[in-house]
Amino acid sequence: MTEQSVASLDPRLQKLVESARVAFERGNYDYAIELARDVLGAAPGCLPVRKLQRTAQLKRHGGGGGFFAKALGSVSTAPFLVSGSAALGRDPAKALGSAQKMLEVDPNSVAGLRLLAGAASALGWHETAVFACEALRENAPDDWANLVALGRAHLGAGRADAAVRCAEAVLAREPINGAAQSLLKDASVAQTMKAGRWEEGGDFRAKVKS
């Protein structure tokens, strides 16, 4: 499985995405979430749909929600966390499903967002991991482990500069944080390698145009 754009989806799924967008615009958040869930069931790597689903979840959660919100309100996320955490190493796709269920109950669940980020990273879905880590950062800005994970996701996506900023932010508060030190080292190497490729061969004007 890989990360996907809406344009790369099967036409049937694209129609569901459009219906989800229309439902969201009309304030029918339950239906938008349901349609997004159907799409993600077939294409879990479609980040634009995941973002739409989360936005609808937040709208519903903040407004008290409709039928589905009330039904889910009494559901415990503990079983999803236990099964998802257990599956993270051997079956990240299963962990992803558990994270999604937790976030349907509470879109601001720190454990759910952390599980989503971990599963996405394990699957190599760097942009999805960035999305999950950024969402977690909004709810837990002092979670330094998450900030390191965000930096790793940025590094995996080819954004060494952003990874360096994450590492430096952690080290400004915890100078001996080993994970942040390692991230800074790896991101700095990536920056150097990128600069080296820029300097190799060709003239400056050609590089600027490329």
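Student: What share of the contacts with a separation of 6 or more is between residues 24 or more positions apart?
Tutor: In this predicted model, residues 24 or more positions apart account for 54% of the contacts in the protein with a separation of 6 or more.

Student: Which elements does the protein contain, and how many of each?
Tutor: The protein has 12 helices and 0 strands. Read from the N terminus, the order is α-α-α-α-α-α-α-α-α-α-α-α.

Student: What confidence does the predictor give the protein?
Tutor: The mean pLDDT is 85, and 80% of the residues reach 70 or more. Over residues 63-84, however, pLDDT stays under 50, and the model has 28 contacts beyond four places in sequence for that stretch. Residues 203-210 are also below 50, with 8 contacts in the model beyond near neighbours in sequence.

Student: Why is α1 called roughly antiparallel to α2?
Tutor: Start with the value: α1 (residues 11-25) and α2 (residues 29-42) pack at an angle of about 160°, with their axes 8 Å apart. Angles over 145 degrees count as roughly antiparallel, so α1 is roughly antiparallel to α2. The crossing of these two helices is left-handed.

Student: Which residues meet where α1 and α2 pack?
Tutor: On the α1 side they include Leu13, Leu16, Ala20 and Phe24, and on the α2 side Tyr29, Ala32, Leu35 and Val39 are among them.

Student: What makes Ala32 count as buried?
Tutor: Ala32, found in helix α2, has a relative accessibility of 2%. Buried means under 20%, so Ala32 counts as buried. Not counting residues up to four places away in sequence, Ala32 touches Ala20, Ala23, Phe24 and Ala56.

Student: Is Leu113 buried or exposed, and what settles that?
Tutor: Leu113 lies in helix α7. Its relative accessibility is 1%, and the limit for buried is under 20%, so Leu113 counts as buried. Leaving out residues up to four places away in sequence, Leu113 touches Arg54, Leu103, Pro107, Asn108, Ala132, Ala135, Leu136 and Asn139.

Student: What makes Cys166 a buried residue?
Tutor: Cys166, in helix α10, has a relative accessible area of 6%. Under 20% is the condition, so Cys166 is buried. Beyond its neighbours within four places in sequence, Cys166 is in contact with Leu147, Leu150, Gly151 and His154. The C-alpha atoms of Cys166 and Leu183, 17 residues apart along the chain, are separated by 8.6 Å.

Student: How many residues are in the largest nonpolar core, and which have the most contacts inside it?
Tutor: That core has 37 residues, and those with the most contacts inside it are Leu116, Leu147, Leu150, Leu155, Val170 and Leu183. At least two core residues come from each of α6 (92-105), α7 (110-123), α8 (126-139), α9 (144-156), α10 (160-173) and α11 (178-199). Val170 touches Trp144, Leu147, Val148, Asn177 and Ala180, not counting residues up to four places away in sequence. A second, separate core of 10 residues includes Leu9, Leu13, Leu40 and Ala43.

Student: And what percentage of the protein counts as buried?
Tutor: Of its 210 residues, 39% count as buried.

Note on methods. Residues numbered from 1 in each chain as written. Predicted model: local features only at pLDDT ≥ 70, side-chain atom pairs only at ≥ 80, totals over all residues. Heavy atoms only, no water. pLDDT = per-residue confidence, 0-100. Contact = heavy atoms within 4.5 Å. Core = buried A, V, L, I, M, F, W, Y, C linked by side-chain atoms within 4.5 Å. Buried < 20%, exposed > 50% of the residue type's maximum accessible area, 1.4 Å probe, protein only. Helix = DSSP H or I, 4+ residues; strand = E, 2+ residues; numbered from the N terminus. Axes fitted to C-alpha atoms, helices over the stretch in contact; angles between N-to-C directions. Parallel < 35°, antiparallel > 145°, perpendicular 65-115°, else oblique. Left-handed = near helix turned anticlockwise from the far one by under 90°.
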